[in-house]
Every structure is written in structure tokens, then in C-alpha cells.
Amino acid sequence: MKNSGVNKISLTEIAAARLADWVKEYQSTDRRTYLKLKYGIEVLFINITKMFAVYLTAYILNLLTATIIFHISYCIIRKTAYGIHAWTSIMCTLLSIMYFVGIPYLATSYSIPGPMILPIYLANGFILYLFAPSLTKKGVSMDYNKKRKLRNLSIVMCIVLMIITLLISDETTKTLITTGATLASVLTIQKNTI
């Protein structure tokens, strides 16, 4: 079948374009600023949709608190370490549900033994030292000093989470924080860096 030349536009793109057009009416912007705004709105809408799917699933399975603890720990590392992304939005949503609901489910059923916490965090720190920040193709041009700063911040955040984890007495919370930090650390390892 021949390509009809019609591009499919997602609902997210339509909504982002309308909101960006509305902002443009009240704020004079050039084309580049408009496109950045539109792209940012699209990303925001997509992320809100994914978070809604993850947290609704967690709520239905009575794992909302566990998912929040796990997700916060993950985000603390991911913010500066970055990491790999799924190829498509739907794959990202499915993987997010699997990670942010599935792992907390397991963490509420099985605890990491106390003596294993420190070695896990040391391994996370080593992974972050080697691979963070794990940049996408768009961020490859980042200069060395900024990369080094992000790597060091990732390691510091890992140490902060380790200290918090070691001070907490609840085994489930320790496991949730540790597994969230570990997932974020492991996702910095990209196929082309091994």
C-alpha cells in the first residue's frame, strides 16, 4: 500500500499545539520559542499520562505508598544520572508499570537482608562512577565538566540514599529505597558503553 502522505497526529500533539497557540496569543514569541513550548507541553502531557497509569495501577493493587517511596528513590538518582529510555511511549508506559508497580510489589513481599544493603549501594556507586550521566543521543555533546558534575552529584545522591536507608528501621522501606536507587543506577548502563 502506498503512503498516502497523511501524517498521523496524536491527541497529545493536538492538545499541546492548541495550548501553545493559546499562550502565543498572549505572549509574543518567535517560531523557535513556540516549538520549544509546544514540545515541552507534549512531554508534560505524556509524562502526566504515564504517571496516571502507574499510580492508578499501584492504587488498584494497594501499592500506592510503596510505589511512591520506590519512585522518589529512583528519581533522586535518575535526575542527575539520566539513563536509557524506551523506544516508544507505549513501551515506556508498560515498562514503567512493570518497574514502578512490579518491583514495589516484590519489595513488599521480600526484604533485602540488612548486611546486603551496604554492598548494593557500593555497587550502585561504582556503576554511577563508570556510566553516569548516561546521556541520550541529544545530550552527547555535553561538555566534560558538566558530565563530571552530574556524575559526582549522582554519586552524592546515592550516598545520601544509602545513609537514609541505613538509618531506617523498617525493612520494607529499606528495600523500596534500595531497589529504586538500584534500578536508576542499572539503567545508566547502555549497550554501547559495555
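Before looking at helix pairs I noted that axes are lines fitted to C-alpha atoms, for helices over the stretch in contact, and that angles run from 0 to 180 degrees between N-to-C directions. I keep in mind that this is a predicted model, in which local features need pLDDT of at least 70 and side-chain atom pairs count only at pLDDT 80 or more, while totals for chains, interfaces and linings use all residues. Residues are numbered from 1 along each chain as its sequence is written, and side-chain values use heavy atoms, with hydrogens and water left out.

**Entry 1: the chain**

I looked up the secondary structure and found seven helices and zero strands, where helices (H or I, at least four residues) and strands (E, at least two) are DSSP runs numbered from the N terminus. Along the sequence the pattern reads α-α-α-α-α-α-α. I then looked up burial, where buried means under 20% relative accessible area, exposed over 50%, and partly exposed in between, with a 1.4 Å probe and protein chains only. Of the 194 residues in the chain, 34% are buried. For contacts (heavy atoms within 4.5 Å), I noted that among those with a separation of 6 or more, 78% join residues 24 or more positions apart.

**Entry 2: α6 and α7**

Helix α6, residues 144-167, packs with helix α7, residues 171-186, at an angle of about 165°, and their axes are 9 Å apart. That angle makes α6 roughly antiparallel to α7, since angles under 35 degrees count as roughly parallel, over 145 as roughly antiparallel, 65 to 115 as roughly perpendicular and the rest as oblique. The crossing of α6 with α7 is left-handed; a crossing has that name if the near helix is turned anticlockwise from the far one by less than a right angle, and is right-handed if clockwise. On the α6 side I found Leu161, Ile164, Thr165 and Leu166, which meet Lys174, Ile177, Thr178 and Ala181 in α7. By class, this contact of α6 with α7 has five nonpolar, two polar and one charged residues, counting Ala, Val, Leu, Ile, Met, Phe, Trp, Tyr, Cys and Pro as nonpolar, Asp, Glu, Lys and Arg as charged, and the others, Gly among them, as polar.

**Entry 3: α2 and α4**

Helix α2, residues 31-60, and helix α4, residues 89-109, pack at an angle of about 35° with axes 9 Å apart, and their crossing is right-handed. The α2 residues in this contact include Val54 and Thr57, and those of α4 include Ser96 and Phe100. The residues of the contact of α2 with α4 divide into eight nonpolar, four polar and one charged.

Val54 counts as buried, at 4% relative accessibility, and apart from neighbours within four places in sequence it is in contact with Thr67, Ser96, Ile97, Phe100 and Val101. Thr57 counts as partly exposed, at 23% relative accessibility, and touches Ile97 and Val101 when residues up to four places away in sequence are not counted.

**Entry 4: cysteines**

I searched the whole structure for disulfides, meaning pairs of cysteine sulfur atoms within 2.5 Å, and the search finds zero. Cys92 is partly exposed, with a relative accessible area of 23%, whereas Cys158 counts as buried at 2% relative accessibility.
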